[in-house]
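Hi everyone, thanks for coming. Let me put the structure up on the screen, and then I'll walk you through it.

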Amino acid sequence: MKKKYSYIGVVFIILLFGIYAVPKIISTLNDGDVVKEDRLNKVEKIRKSDPSGLFQFGKVPAFEFVNQHGETVNNETYADKVYVVEFFFSTCPTICPIMNRKMVTVQNEFEKDDDFGIASISITPNIDSPKVLKEYAQRNGITHKNWHLLTGKSDDVVYDLSNKGFKLYVGKGEEEHGGFEHSGLFALVDKNGYIRSRKDEQGNPILYYRALKESGFPDQIKELKEDIKLLLNE
């Protein structure tokens, strides 16, 4: 008899659980926005803790190059400026022309902003002399006074800055790509010299901005322009 009562007790507990839990489970399954809403709430919390909504990474390493006018340019040149960094080379036959066209639209958006700049660092300094870079600027509509096309003394210095400093890959490549490889990404730097980026829907920093359409994803030039404005107003 005691055994029978224990079975009845178990059944009763299961019945109570079902009455309480099943409707909640069904409600959750029917509500497709629950997960999304939770994710957006997390992003909103991050934004409240960081008014600009932009994540801060490490500082840009010390650098010193010569620009298209033969002037020395270093970190101090960009002090108190928001600027975009890219790695390129003037003889690049593939992605550089596309990146340059996108960057010109960024230049034009902020042509009147003295607190904005661009650093285009050549990965072939033995080819890209100041004279070559000045001609490149003239051919490609580069007019902003703070857009510096930069060249150094050796490949090693540039490769070290790109691969280790910015974590943007640079290396030797196929001949059809001009003999070199580099990423189609832009880095955004704030007025204090820190690399910054927005976050995705999950609250994860994107780190860099796509200059090109990749694997079905659009470029992020619109987002880059929006975030430049945020940093200019910090």
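This is a predicted model: local features need pLDDT of at least 70, side-chain atom pairs count only at pLDDT 80 or more; totals for chains, interfaces and linings use all residues.

Residues are numbered from 1 along each chain as its sequence is written, and side-chain values use heavy atoms, with hydrogens and water left out.

Let's begin with the largest nonpolar core, which has 52 residues. By nonpolar core I mean a set of buried Ala, Val, Leu, Ile, Met, Phe, Trp, Tyr and Cys residues joined through side-chain atoms within 4.5 Å; buried is under 20% relative accessible area, exposed is over 50%, and partly exposed is in between, with a 1.4 Å probe and protein chains only. V85, F87, F166 and I228 touch the most other members. Several elements give two or more residues to this core, including β4 (82-88), α5 (155-166) and α6 (221-232). The largest share, six residues, comes from β4. Helices (H or I, at least four residues) and strands (E, at least two) are DSSP runs, numbered from the N terminus.

Take I228 as an example. Beyond its neighbours within four places in sequence, I228 is in contact (heavy atoms within 4.5 Å) with V82, V84, V106, F110, F116 and L188.

Now the strands, which pair if DSSP finds at least two bridges between them. Strand β10 (residues 194-197) pairs in the antiparallel sense with β1 (residues 55-59) over three bridges, and F55 stands opposite S197. β10 also pairs with β9, again antiparallel, over two bridges; here V189 has I195 as its bridge partner. β9 and β10 form a hairpin with four residues between them, and G193 in the turn has a positive phi of about 85°.

What classes of residue line the largest pocket? There are four nonpolar, three polar and six charged residues in the lining, counting Ala, Val, Leu, Ile, Met, Phe, Trp, Tyr, Cys and Pro as nonpolar, Asp, Glu, Lys and Arg as charged, and the others, Gly among them, as polar.

Finally, two loop residues. Most residues other than glycine have a negative phi. K167, in the loop between α5 and β7 (170-172), has a positive phi of about 60°, and K167 is exposed, at 58% relative accessible area. L207, in the loop between β10 and β11 (209-210), has a positive phi of about 75°, and L207 is partly exposed, at 28%.
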